[in-house]
Amino acid sequence: MAEVQMAEGTFEVDGQSLFYRQAKPAHQSPKLCVLLLHGIRFSSENWLKLNTLANLAEAGYQAVAIDLPGLGKSQNATPPVPYGQLAPANFLKTVFVALALKPSVVISPSLSGSYSLPFLLEHKDLVKAYVPVAPICTEKFTAAQYANIKTPTLIVYGDQDEQLGELSLNNLKNLANHKVMVMKGAGHACYLDNPDEWHQGLLEFLKTQV
């Protein structure tokens with residue numbers, strides 16, 4: 001098993017301090033960067049406890065997980081918009097600059113769709129690949145806007161998810177270059193219900209991006 005280097009700290013966005021965690025291979029250059037966002041009831045700590053950070057680093061990737069404003073260890077930061085509304089696309093661009101991230105794979109569950117979708121549509125050059133996990137705010141964009149995005153995408157959801165509507169799923173399926181991973185028996189936070197399946201599916205997808 002490859003040795004992993006773990007770190008955590010804070011960075012500044014628009015004059016506010018946000019928290020992040022990072023894992024990367026200890027003795028080789030990372031193949032690719034993966035940015036992990038999170039839902040409203042979660043934080044970067046979930047990716048730590050689930051071993052997603054470690055698994056990605058062991059597979060040769062740089063994994064960066066941030067706590068979104070107002071949540072986790074970034075709870076003293078003010079969100080750019082009320083929860084459930086679209087955040088400015090430049091918010092995540094500022095995160096990329098502050099953390100000196102190269103174009104990355106963006107993993108975006110639930111609430112974080114309000115951050116990642118505007119970013120994807122306006123800064124697709126920074127998104128190497130996109131992994132939406134039952135995200136919110138998909139209805140804010142048109143089918144034509146989705147179809148114009150050629151970014152490789154892995155749509156992930158649990159077949160027992162009562163929060164992801166058929167409309168949201170169909171909106172995402174308008175993305176021009178997508179695959180779908182359905183986790184059977186899993187709910188809204190499907191990665192928590194079956195971590196092994198989640199990690200296996202994610203790593204298989206990432207192999208096609210390097």
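Biologist: Buried means under 20% relative accessible area, exposed over 50% and partly exposed in between, with a 1.4 Å probe and protein chains only; are F11 and Y20 buried or exposed?

Modeller: Both F11 and Y20 are buried. Please note that this is a predicted model, in which local features need pLDDT of at least 70 and side-chain atom pairs count only at pLDDT 80 or more, while totals for chains, interfaces and linings use all residues. Residues are numbered from 1 along each chain as its sequence is written, and side-chain values use heavy atoms, leaving out hydrogens and water.

Biologist: How many aromatic pairs does the structure hold?

Modeller: There are eight aromatic pairs. Rings of Phe, Tyr and Trp (its six-membered ring) pair if their centres lie within 6.5 Å; planes under 30 degrees apart are stacked, those over 60 are edge-to-face and the rest are tilted. One of the pairs is F11 with Y20, an edge-to-face arrangement with 5.9 Å centre to centre and 65° between the planes. Another joins Y191 to W198, which is tilted, at 5.9 Å centre to centre and 50° between the planes.

Biologist: Why does Y191 count as buried, and what is the relative accessible area of W198?

Modeller: Y191 counts as buried because its relative accessibility is 3%. W198 is buried too, with a relative accessible area of 0%. Ring pairs also link Y191 and W198 with F42 and W47 into a cluster.

Biologist: Which residue lies over the face of Y61?

Modeller: That is K31, at 5.2 Å from the ring centre of Y61. The criterion for a charge over a ring is NZ of Lys or CZ of Arg within 6 Å of the ring centre and within 35 degrees of the ring normal.

Biologist: Moving to cysteines, how many disulfides are there?

Modeller: The model has zero disulfides, a disulfide being a pair of cysteine sulfur atoms within 2.5 Å.

Biologist: Which residues other than glycine have a positive phi?

Modeller: Among them are N51, with phi near 70°, and A100, with phi of about 55°. Most residues other than glycine have a negative phi. N51 is in the loop between α1 (44-49) and α2 (52-58), and A100 is in the loop between α3 (90-98) and β5 (104-109).

Biologist: Is A100 buried or exposed, and what of N51?

Modeller: A100 counts as exposed, because its relative accessibility is 67%. N51 has 42% relative accessibility and is therefore partly exposed.

Key
Helix = DSSP H or I, 4+ residues; strand = E, 2+ residues; numbered from the N terminus.
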